[in-house]
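The following exercises concern a predicted model. Please work through each task before reading its solution.

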Amino acid sequence: MVENRDRRDRLRDAAIEVLAGEGGRGLTHRALDRAAELPEGTAKNYFPTRDSLLRAAAERCVERYWSELRQAEVETVDQLLGLLRLMIERAMTVNRSRVLAYVELHAEAARNPEVQQTLARLTRADLDLHLAAQRAAGLPATRESAAMVTLAVNSALTYLLTQPPDVLASYGLDDLDRFLSRLLASAYPDHRS
């Protein structure tokens with residue numbers, strides 16, 4: 001059973017890589033077998049339909065994201081800024097495939113209710129975790145203010161992955177520390193750190 005779980009996770013991780021590299025149309029059983037370096041037909045045994053492949057990739061994105069964010073400890077605004085900066089840096093490097101897959105999955109979610117529900121779990125949890133982190137940093141966070149910060153950070157990630165430097169500069173994303181500081185100041189104009 002452990003071996004089956006390992007193989008399943010290997011396939012789900014490979015699905016993220018295929019989505020990131022090939023997009024939603026490239027996510028096929030054959031492509032997944034190749035990416036996971038497993039015998040042809042393995043992916044179909046674990047995930048018999050394309051919808052099940054998409055759900056598996058979405059679920060793995062959710063699991064990997066939660067495991068990272070839950071490990072973070074925040075007690076000050078400076079630590080919160082550091083966490084947000086680290087999340088963005090990791091999204092641009094070691095988590096790049098996962099974030100690109102996540103963007104692809106959002107497009108799929110517009111047409112696939114099951115993928116939409118899986119991503120909705122991540123979206124709800126994302127807001128809850130950001131709200132908790134902002135409160136832990138001593139900010140007077142409400143769901144509305146936390147949502148503003150969360151949406152801005154998530155939009156910034158999409159732009160950072162898809163836009164040229166001149167566009168990033170026009171949005172202030174060429175200086176992430178300044179962008180994040182201004183974002184928190186906008187969301188919490190009355191807070192003194």
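A residue counts as buried when its relative accessible area is under 20%.

**Exercise 1.** Determine which residues of helix α5 are buried, and where they lie around the helix axis.

*Solution.* With the cut-off above, the buried residues of α5 are Val77, Leu80, Leu81, Leu83, Leu84, Met87, Ile88 and Ala91. These residues cover an arc of only 160° around the axis, and therefore they lie on the same side of α5.

**Exercise 2.** Describe how helices α7 and α8 pack.

*Solution.* Two packed helices are described by the angle between their axes and the distance between the axes. Helix α7 comprises residues 113-136 and helix α8 residues 143-162. Their angle is about 110° and their axes are 9 Å apart. Angles of 65 to 115 degrees count as roughly perpendicular, and α7 and α8 are therefore roughly perpendicular to each other. The crossing of α7 and α8 is right-handed.

**Exercise 3.** State the helix and strand content of the two regions annotated in UniProt.

*Solution.* The unreviewed UniProt entry places "domain: HTH tetR-type" at residues 5-65. Over residues 5-65 the chain is 77% helix and 0% strand. The same record places "DNA-binding region" at residues 28-47. Over residues 28-47 the chain is 65% helix and 0% strand, with the end C-alpha atoms 10 Å apart.

Definitions and conventions:
Residues are numbered from 1 along each chain as its sequence is written. This is a predicted model: local features need pLDDT of at least 70, side-chain atom pairs count only at pLDDT 80 or more; totals for chains, interfaces and linings use all residues. Side-chain values use heavy atoms; hydrogens and water are left out. Buried means under 20% relative accessible area, exposed over 50%, partly exposed in between (1.4 Å probe, protein chains only). Helices (H or I, at least four residues) and strands (E, at least two) are DSSP runs, numbered from the N terminus. The arc is that of the directions from the helix axis to the C-beta atoms. UniProt positions are given in the numbering used here, feature names are shortened, and annotations may be inferred rather than shown by experiment. Axes are lines fitted to C-alpha atoms, for helices over the stretch in contact, and angles run from 0 to 180 degrees between N-to-C directions. Angles under 35 degrees count as roughly parallel, over 145 as roughly antiparallel, 65 to 115 as roughly perpendicular and the rest as oblique. A crossing is left-handed if the near helix is turned anticlockwise from the far one by less than a right angle, and right-handed if clockwise.
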